[in-house]
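Have a go at each task before you read its solution.

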Amino acid sequence: MNRFRDWVSRVMYGRYGVDQLGRVLLYVEIALLFVSAFVPNIFLNIVTAVLLVWIFFRMMSRNISRRAEENRRFLSGWNRVKSFFTGGMRAAKDRDHAYFRCPNCGQRVRVPKGKGHIQITCPRCHTQFIKNT
C-alpha cells in the first residue's frame, strides 16, 4: 500500500489537484451519469465525457496559477449565489451599503457604499482591513 501511495505522490507532484470547482464539477458529473443511466441520449453522453476530460485536465494541470484563478472566479460567483440564499436577501435589497466578511472571524460588516478605499474595523474582533466600497 505504501508503494502505491508513494507512486501517486510522485505522479501528483507539481500538479494542481482538486479544488472547490473540481468538486462541484465532479458532483455535476455524477448527477449527469445518474441521469444518463435512465435517459439514453447521445448529447448527454458527450457532455458527460467532455466534463470528465475537463475534470482530469484541471486536476493534472501543472499551470497552478491559471487553475487557481479559475477557482477564484468560480468562488466569487458561487459565494454571491450562496449568500443570496443564506441571508443575503437583505444585502441584495440594500443599495446604500456594502457587506463584507471579516477575514479573521467571519463577522458580516455593513459599510456605506461609494466611499472608495476605506479601513473597516470588525465590531467583534476589532481586526482592521481595507476594502473598496
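**Exercise 1.** Which side chain does the side chain of Ser61 join in a polar contact, and is Ser61 buried or exposed?

*Solution.* Keep in mind that this is a predicted model.
- Step 1: find Ser61 in the loop between α3 (42–60) and α4.
- Step 2: look at the side chains; a polar contact of 2.8 Å links Ser61 with Arg67.
- Step 3: leave out residues up to four places away in sequence, and Ser61 touches Gly14, Arg15, Tyr16 and Arg67.
- Step 4: the relative accessible area of Ser61 is 7%. Buried means under 20%, so Ser61 is buried.

**Exercise 2.** How are the rings of Phe74 and Trp78 arranged: stacked, edge-to-face or tilted?

*Solution.* 
- Step 1: a pair of aromatic rings is described by the distance of the centres and the angle of the planes.
- Step 2: rings pair if their centres lie within 6.5 Å, and this rule gives three aromatic pairs.
- Step 3: for Phe74 and Trp78 the centres are 5.8 Å apart and the planes are at 20°, so this pair is stacked.
- Step 4: both residues belong to helix α4 (residues 64–85); they are four residues apart, so about one helical turn separates them.
- Step 5: Trp78 has a relative accessible area of 42%, so Trp78 is partly exposed.

**Exercise 3.** Which residues line the second largest pocket, and how many of the lining residues are charged?

*Solution.* 
- Step 1: the lining consists of Arg72, Leu75, Ser76, Asn79, Arg80 and Ser83.
- Step 2: sort the lining by class to get one nonpolar, three polar and two charged residues.
- Step 3: for the volume of this second largest pocket, note about 170 Å³.

Key
Residues are numbered from 1 along each chain as its sequence is written. This is a predicted model: local features need pLDDT of at least 70, side-chain atom pairs count only at pLDDT 80 or more; totals for chains, interfaces and linings use all residues. Side-chain values use heavy atoms; hydrogens and water are left out. Rings of Phe, Tyr and Trp (its six-membered ring) pair if their centres lie within 6.5 Å; planes under 30 degrees apart count as stacked, over 60 as edge-to-face and the rest as tilted. Helices (H or I, at least four residues) and strands (E, at least two) are DSSP runs, numbered from the N terminus. Buried means under 20% relative accessible area, exposed over 50%, partly exposed in between (1.4 Å probe, protein chains only). On a 1 Å grid over the protein atoms alone, a cavity is a set of points where a 1.4 Å probe fits but cannot get out, and a pocket is an open set with protein on both sides within 12 Å along at least five of seven lines; lining residues have an atom within 4 Å of a point. Grid points are joined across faces, edges and corners, and a volume is the space filled by probe spheres set on the points. Ala, Val, Leu, Ile, Met, Phe, Trp, Tyr, Cys and Pro count as nonpolar, Asp, Glu, Lys and Arg as charged, and the others, Gly among them, as polar. A polar contact is a pair of N or O atoms within 3.5 Å; within protein, one must be able to donate a hydrogen and the other to accept it, and residues adjacent in sequence count only if both atoms are side-chain atoms. Contact means heavy atoms within 4.5 Å.
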